[in-house]
Amino acid sequence: MPQIGSFTLLLGLALSVYAFVVGLYAIVRNDDRLSETARRAGIAIFLTVTAASAVLVYSAFTNDFSLAYIRQHSNRALPGPYKFAALWSGQEGSLLFWCWLLATYGLVLRMRHKVDTRLVAHASVVISAVQIFFLVLVNFAAHPFALTTGPLPADGNGLNPLLQYPEMVIHPPMLYLGYVGMTVPFCFALAALIMKYPGEKWIHITRRWTMVGWLFLTCGIFLGSFWAYKVLGWGGWWGWDPVENASLLPWLTGTAFLHSVMMQEKRGMMKVWNMWLIFSTFLLAIFGTFLTRSGVVSSVHAFAESDIGPYFVYFLALTFATCMFFYWRNRNHLQSEHKLESLVSRESSFLFNNVLLLVATFAVLWGTLFPVLSEWVTGHKVTVGPPFFNKVNIPIALCLLLLTAVGPLLAWRKTSAESIRKNFLIPAVIAAATGVGLMVYGIKPWVEISYFYSLMTVMLSVLVAATIGSEFIRGGQVIARHNGSNIFHGMYLLTRRNTRRYGGYVVHLGVIVTMIGFAGVAFYQNNEQELGFGDKMAIGPYTLICRSYTQDDKPNFSSEWAILDIYKAGKQITTMYPEQRFYKASGQPATIVANRSTIMEDLYLVYTGKNPENGRPIIKAHLNPLVWWIWAGAHFILVGTIIALIPNMEGKSQRPAPRGQSPGEQAEALVDDAEERGSPVEAGND
Amino acid sequence: MRLARTMHHRWAAGLLLASALLLMGATGDPTGQRFDRLGHNLMCECGCGQVLLECNHVGCSTSEQMRQELKLSMARGDKDDVVLTGFVAKYGPAVLSAPTTTGFNRVAWIMPVVIFFAALGAVVLVVLAWKKRTPKNPTNSGGQAPEELDEFRRRAREETAL
């Protein structure tokens, strides 16, 4: 089997070289027949890389320890789903998985070539170049089919215990789908720049692909966070670890692109900016991969140190040089059709949103790389941990929240003071009332800066919710009046008619729900105590009583846990079982957190160990307010992005005006249509 | 000169101490909260790369020892900076979870602020420069005259107002 795997990988590399060289030649010679052979070679890459991946998975399931990779990352007693997950659990396998995802995206891109044959031919050449790089890596630098040296072992080393969780089976594929997904918009953008693509069609195609990549990246980040929270047992969900930061970088620039691209579509502006945002997103995705795999920065998540770092550096340099070359050569093609006319307009809100997102990107990148820089300059390595990132990024996030509230209600081109007053008065009053209510409830922002941040987060989130709510209500009312239906049906139709805008609003709702979850951090509590039979521990409104503690032995691990009865206001509400496991193959311990999650707070219990003298368990209890909101927000973001990806219901401008439509509604439709076409209209209500 | 500097340092330290005491008095900072705050300013040295109070290594003896050292230092009545300096002396500068505000480390804090204001300033300048220019394409693609759109807009607002 290893030989089949190696052969298919080599074949994949040969096919990607063919797709690149012949594809390029066909473009230069304008030869459609040759171009078609290159496209088919590109499709065949998917088959070869799929075969190689299947061989590796098969080797894991058949315990083929003659493969060094399987020996390192699997063992006989490992449950089936984790054997499958072994494919992306190590350096070599995860690079192969990356190749497979890239080949899958490449397959979809090439299968959908009829959308624009010539543009796809160009994009196909670019994606082939990226495929060559990754296939060179798995063929020559990090070969997943390398054979075990020395005598064949009876069993493997097993999978890292921290990876043996259901979330860990889903999290890396989602993250990789996001990272790799950013390759496709990059390919289209570079292709459009190379061929001086006329019009904005390419941007429509690219936006959709970016949304797909962004969606996966978002899911991957949230799943990683959820995994860290549920598994790592430190009571938090984001540690500003370099690898976590690496996933955030392309997400931030991708988010910036998804906003600023609207200016290009509607008003033909910011073409250079958008082009470089796509380039940056791809480069940062690759840079993040480089950080994770090169050992440049130390991280809990990083793969074992290897010598593949220089490959990534050369690839990054070459990609940047290529982007720069074509940008310089064809920069006249990217001239704006309109100029910004006012600081108080939808355009400028997008611009400021982009500035903030890019400053956040810089701050995260800077903090991640500063230890390396500091060591280089002073000879001493310093740590840049959560206190730095929180201090720098929280104010930026609050500014972004403010813009999220303000932006959608500003008109294109210019917004009048009257429009601002009319649109913001009620939401601002609601937000201020919320702030006053919270202070009366007991949150004193003058006591500690974290309380101030929490209060501001909640107030701004309410402001966003109120502005979004008013948008939905206003639009829903108009359609309901027009159709004679109820307001909810009106809102549904409103969303179907402009899925992108209203799906975007649902994403914004998700963001504020998540932010409210973040605001709970200021009120975390914890307590640690040794608990014998019948011993009590109090945390917040809860009392924990240790009913018993015991142990168990399974083929893959042995475990010990405590049985704790939880009381609230003198009444037993549940029983919880914090556990500690000891994995036999790897010889590593791991915690299994017991968590009771409610809308208000999480009671999070960790079995941290036992007293060696009396065998009593030591339990660490965390009371984490509002964490539930973080995961709820992620669901809103998921739903909102899916809504935004659904095509619009047929536009009302294409249908005759329904009977009974009032002049005002017809006017609203006209204004709406005019805005959709990018005309310079003030559309404060849109 | 040296005397002046020493006096200056003493004044600064006194001011810092007074502010800290005032703050502690205002916030009622008890030992638990202080331990929590200082523990989050330190990194665990077991190699986990995590904040001291968040090291999740099962049975980590390093973090346990460091926590005891922190408690001991606090019990001795050491001020925050003395506690942290003690840890730096023993474990090196990487034990602090964030760069200090001295020497080259200052650059870590300054750069994001500089970039923020530079970017903001650049945007404002670009918008102001653009405002001065006449738009390339002043007509709307919808084909309506601006006055006509104003009228439509006014009616749309009237009928869609909450």
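Predicted model: local features only at pLDDT ≥ 70, side-chain atom pairs only at ≥ 80, totals over all residues.
Helix 10 of chain A covers residues 242-267, and helix 13 of chain A covers residues 346-378. Their axes come within 9 Å and cross at roughly 165 degrees. Angles over 145 degrees count as roughly antiparallel, so helix 10 of chain A is roughly antiparallel to helix 13 of chain A.

The crossing of helix 10 of chain A past helix 13 of chain A is left-handed. What kinds of residues make up the contact of these two helices? By class, there are 13 nonpolar, nine polar and two charged residues.

## Helix 9 joins in

Helix 10 of chain A also packs with helix 9 of chain A, which runs over residues 201-231. Here the angle is about 150 degrees, and the axes are 10 Å apart. That makes helix 9 of chain A roughly antiparallel to helix 10 of chain A, and this crossing is left-handed.

Taken by class, the contact of helix 9 with helix 10 of chain A has eleven nonpolar, nine polar and three charged residues.

Now zoom out a bit. Chain A is split into domain 1 (1-149), domain 2 (165-415) and domain 3 (523-628). The centres of domain 1 and domain 2 of chain A are 25 Å apart. Their contact takes 24 residues from domain 1 of chain A and 28 residues from domain 2 of chain A.

Which elements give two or more residues to the domain 1 side of chain A? They are helix 4 (80-85), helix 5 (91-111) and helix 6 (117-141) of chain A. Helix 6 of chain A gives the largest share of that side, with ten residues. By class, the domain 1 side of chain A that touches domain 2 has 19 nonpolar, three polar and two charged residues.

## The whole chain

Finally, here's the big picture. Chain A has 20 helices and ten strands. Its C-alpha trace spans about 80 × 70 × 55 Å along the principal axes.

How does the radius of gyration of chain A fit a compact globule? With 686 residues, a compact globule would have a radius of gyration near 26 Å; chain A has 27 Å, so the two agree.

Methods:
Residues numbered from 1 in each chain as written. Chains lettered and ligands numbered in written order. Domains from an automatic or database assignment. Contact = placed C-beta atoms within 7 Å. Helix = DSSP H or I, 4+ residues; strand = E, 2+ residues; numbered from the N terminus. Nonpolar A, V, L, I, M, F, W, Y, C, P; charged D, E, K, R; others polar. Axes fitted to C-alpha atoms, helices over the stretch in contact; angles between N-to-C directions. Parallel < 35°, antiparallel > 145°, perpendicular 65-115°, else oblique. Left-handed = near helix turned anticlockwise from the far one by under 90°. Rg over C-alpha atoms; globule rule 2.2 N^0.38 Å.
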